[in-house]
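Me: I've got a structure to go through, and I'd like to know what stands behind each label. Can you take me through it?

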Amino acid sequence: MNNKQISSFLSKVLTFAIKEWNHILRDRRSFLLTLIFPAFIVVFLGYAVTLDVNRVRIAVLDEDGVAGRQLEKKLEGSTTFEVVQVPNLPEGIELLKEGHVQAILQVPRAFSKNLFFTGKSIISLIVDGSDNNAARIIMGYLADFAGKGFYAVRHSPPRKTTVKYLFNPALDTRLFFVPGIIAIFIFMMAVAMTALSIVREKEQGTFENILVTPVRPIHILTGKVIPYLLIGFVNFFTGILCAYLFFGFHVYGSWVAIAIIALLFVACGVCLGMLLSTLTKSSLVAWLLSFILTFLPSVILSDFVFPTRSMPGVITAVSWLVPTKYFMHLLRDISMKGAPLDQLLHYVLPLMGFTFIFMLVATRRMKRAHAW
Amino acid sequence: MARSDITIRAEGLTKRFGNLVAVDDVSFTVRQGEVFGLLGPNGAGKSTTIRMLCGILKPTAGYAEIAGINVVKTPEQVKRTIGYMSQRFGLYDDLTVRENILFYARLYIGNWKKAAERANEVMEKLELHSYANTTAGQLSGGWRQRLALACAITHKPPVLFLDEPTAGVDPLSRRMFWDILYDMAAEGVTLFVTTHYMEEAERCDTIGFLWHGKLAALGSPEKIKKTSIPAGVYTIKGVSPAEVVNTLKGLPFVAETSQYGSEVHVITNIPEDVTHKIREQLMAMGLNQARVAPSVPSIEDVFMYISHEKANNIKQNE
Ligand SMILES: Nc1ncnc2c1ncn2[C@@H]1O[C@H](COP(=O)(O)OP(=O)(O)OP(=O)(O)O)[C@@H](O)[C@H]1O
Ligand SMILES: [Mg+2]
């Protein structure tokens with residue numbers, strides 16, 4: 001390309017970017033909402049949804065009478081548990097069924113005697129598995145608890161179980177999934193805003209006018225990328241700022257790395273939005289497509305809260321097609337573990353690949369509609 | 001007529017959408033500076049024809065040429081030659097008049113200073129400058145129409161396509177709009193216009209009548225009026241038009257009757273003078289006050305007749 005071609009290219013791209021920017025600024029209310037939305041989502045969802053288990057009601061069936069009492073006291077002393085005494089197992093099961101308690105801790109007869117003489121003894125824990133996540137956490141807590149609870153019974157502890165949590169020492173699940181929320185919403189907004197901005201032109205009939213001007217799809221697409229990329233980028237940092245202010249989110253790794261992956265991720269969303277815009281002429285369809293194709297996979301298949309590794313093989317494979325998954329890992333690895341970008345290329349490169357493919361297919365499809 | 005004089009040439013232009021033949025083997029030429037009017041009922045294929053000529057819709061068959069450029073082969077190359085005002089105007093309602101015009105000006109003119117100058121020039125020319133900072137959505141029909149025209153001519157195209165530019169616009173604005181079009185034609189711009197208004201058709205140098213995708217008539221308004229109806233046209237005044245239509249409809253020599261206010265136009269299918277026959281029929285029904293006179297067909301009469309004939313032909317073929 002010579003100078004003249006470059007300046008002609010830039011002129012057309014900027015013309016589109018400025019026009020798009022005018023549209024965005026003209027609709028003040030939507031623009032403000034767009035800017036506030038990430039903050040709102042982070043704070044609202046961050047406080048409302050928590051995976052921490054608090055005030056778990058637990059039934060204790062104490063058949064031993066000695067160790068049971070001690071354990072019970074310990075449990076009552078913690079803020080996590082609320083203890084209910086039950087005289088026999090059937091009654092405990094009844095409470096569990098009705099949802100009054102989430103677990104039953106059964107301390108069998110001769111528990112302390114066995115423990116005293118052999119150093120081994122069994123207690124059984126029955127957990128309501130219908131809330132799978134809570135169940136797992138209760139089990140973790142109680143295992144930890146039981147180990148510590150019996151120091152007093154034996155003079156020296158049999159074997160110390162130590163679990164040390166790296167990277168999120170307080171095990172605050174908010175720190176784990178608030179960045180995930182940001183990722184999911186930033187992506188959805190980038191896709192939907194871009195797709196709608198192009199589909200709206202088709203609906204208004206302005207697209208037809210653009211077709212007769214000497215612009216090419218690449219001008220239209222590049223011109224539209226700029227403003228939406230900017231907005232998505234700003235949105236991301238608004239979200240991160242809120243996560244820091246409200247939940248003490250901390251980035252152990254490099255901010256530059258965070259900025260780079262955020263830019264890449266938003267670009268990926270913008271390009272996907274363009275691709276979707278070539279599939280339909282209706283705003284409603286564009287909106288639905290954006291929602292279905294980004295929100296659901298981002299929530300379910302991105303390791304946001306549901307580990308994809310433990311899903312059936314086919315679904316795990318499909319989850320590798322979800323760009324949010326790559327970003328989710330990048331964001332966590334950089335912010336929590338402080339991993340440098342060059343060790344994360346296995347996440348960065350696929351994200352780049354998706355962006356490139358979306359852009360390419362969008363341009364191709366638009367070209368076909370454009371000329372012939 | 002020199003060959004180089006021809007700005008638009010269509011040969012056997014055809015567009016199919018599945019089973020529907022939207023434009024069927026249409027051929028015509030338009031000279032430089034001519035005002036060509038394409039008419040036809042809804043769905044006749046007018047917009048489809050324009051979109052093929054503008055290079056945004058690929059013809060199924062046929063050839064189109066604008067200013068010597070093969071549109072079918074190199075649609076990109078005609079873009080600087082043509083301006084296009086689409087049927088729905090396609091304005092950005094949330095942008096101001098200036099922003100709308102400037103957007104198109106900049107797409108065509110890389111130098112933004114020149115683009116701004118040109119935008120001002122166009123606003124001046126179409127008297128839009130007092131609305132420069134008004135958003136397009138707030139404009140009334142007539143001004144929207146002017147804005148759409150302004151957006152289409154920022155690059156001074158020698159050929160201009162206007163798809164129903166006056167639809168839904170008041171008569172005075174329509175009149176003023178046509179004056180602008182004539183000025184442009186006088187400057188040598190070739191104009192290709194579609195319309196539903198017969199008085200606008202009368203103002204074109206050449207008109208084409210599309211009927212179900214076929215070009216059913218082509219020529220100057222005078223020529224079309226003289227040659228398209230092989231029989232006679234009669235005007236009947238002075239009595240209730242509805243009764244006249246009821247009386248005459250279905251008579252063997254009557255092809256078409258149509259009502260225009262208090263008048264009825266009757267088109268016959270025989271060349272002989274039937275003034276007295278019509279009068280007899282009306283008298284028989286007690287319509288003694290009827291004034292019957294042979295008349296020159298209007299463009300509308302011609303199109304009514306053509307539509308009638310075509311529909312009959314189809315019926316007979318079936
Ligand atoms: N993209 C398309 N796909 C399928 N059918 C189409 C398409 N565009 C137009 N048609 C059909 O082709 C026919 C001609 O349409 P066209 O818009 O050219 O008519 P028109 O003469 O401009 O009508 P109007 O006066 O209503 O604007 C119509 O039957 C229309 O439904
Ligand atoms: Mg039309």
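Reply: Helices (H or I, at least four residues) and strands (E, at least two) are DSSP runs, numbered from the N terminus. On that count chain A has 14 helices and 4 strands, and chain B has 10 helices and 14 strands. Bear in mind that this is a predicted model, where local features need pLDDT of at least 70, side-chain atom pairs count only at pLDDT 80 or more, and totals for chains, interfaces and linings use all residues. Residues are numbered from 1 along each chain as its sequence is written, chains are lettered from A and ligands numbered from 1 in the order in which they are written, and side-chain values use heavy atoms, with hydrogens and water left out.

Me: Why is H4(B) called largely enclosed?

Reply: Because 10 of its 12 residues are buried, H4(B) is largely enclosed by the rest of the structure. Among those buried residues are B:Arg144, B:Arg146, B:Leu147 and B:Cys151. With contact meaning heavy atoms within 4.5 Å, the buried residues of H4(B) pack against strands E6 (82-85) and E7 (159-163) and helices H2 (97-108), H3 (112-125) and H5 (171-186) of chain B.

Me: How do you know that the length of helix H4 of chain B agrees with what it should span?

Reply: The expected span of a helix is 1.5 Å times one less than its number of residues. For the 12 residues of H4(B), 141-152, that should be 16 Å, and the end C-alpha atoms are 17 Å apart, so the two agree.

Me: Which residues are the closest to ligand 1?

Reply: A residue is near a molecule or strand if one of its heavy atoms lies within 4 Å of it. Around ligand 1 there are 14 residues, and the closest are B:Gly43, B:Lys46, B:Ser47, B:Thr48 and B:Gln87.

Me: What polar side-chain atoms lie by an oxygen atom of ligand 1?

Reply: A polar contact is a pair of N or O atoms within 3.5 Å; within protein, one must be able to donate a hydrogen and the other to accept it, and residues adjacent in sequence count only if both atoms are side-chain atoms. Polar side-chain atoms of B:Lys46 at 2.8 Å, B:Asn42 at 2.9 Å and B:Glu164 at 3.0 Å each come within that cut-off of a ligand oxygen. Accessible areas come from the Shrake-Rupley method with a 1.4 Å probe; for residues, only the protein chains shown count as cover. Taken alone, ligand 1 exposes 640 Å², and the protein buries 63% of that.

Me: Which element gives the most to the shell around ligand 1?

Reply: H1(B), with 3 residues. Strand E2 (20-31) and helix H1 (46-53) of chain B are the elements that give two or more.

Technical notes: Buried means under 20% relative accessible area, exposed over 50%, partly exposed in between (1.4 Å probe, protein chains only).
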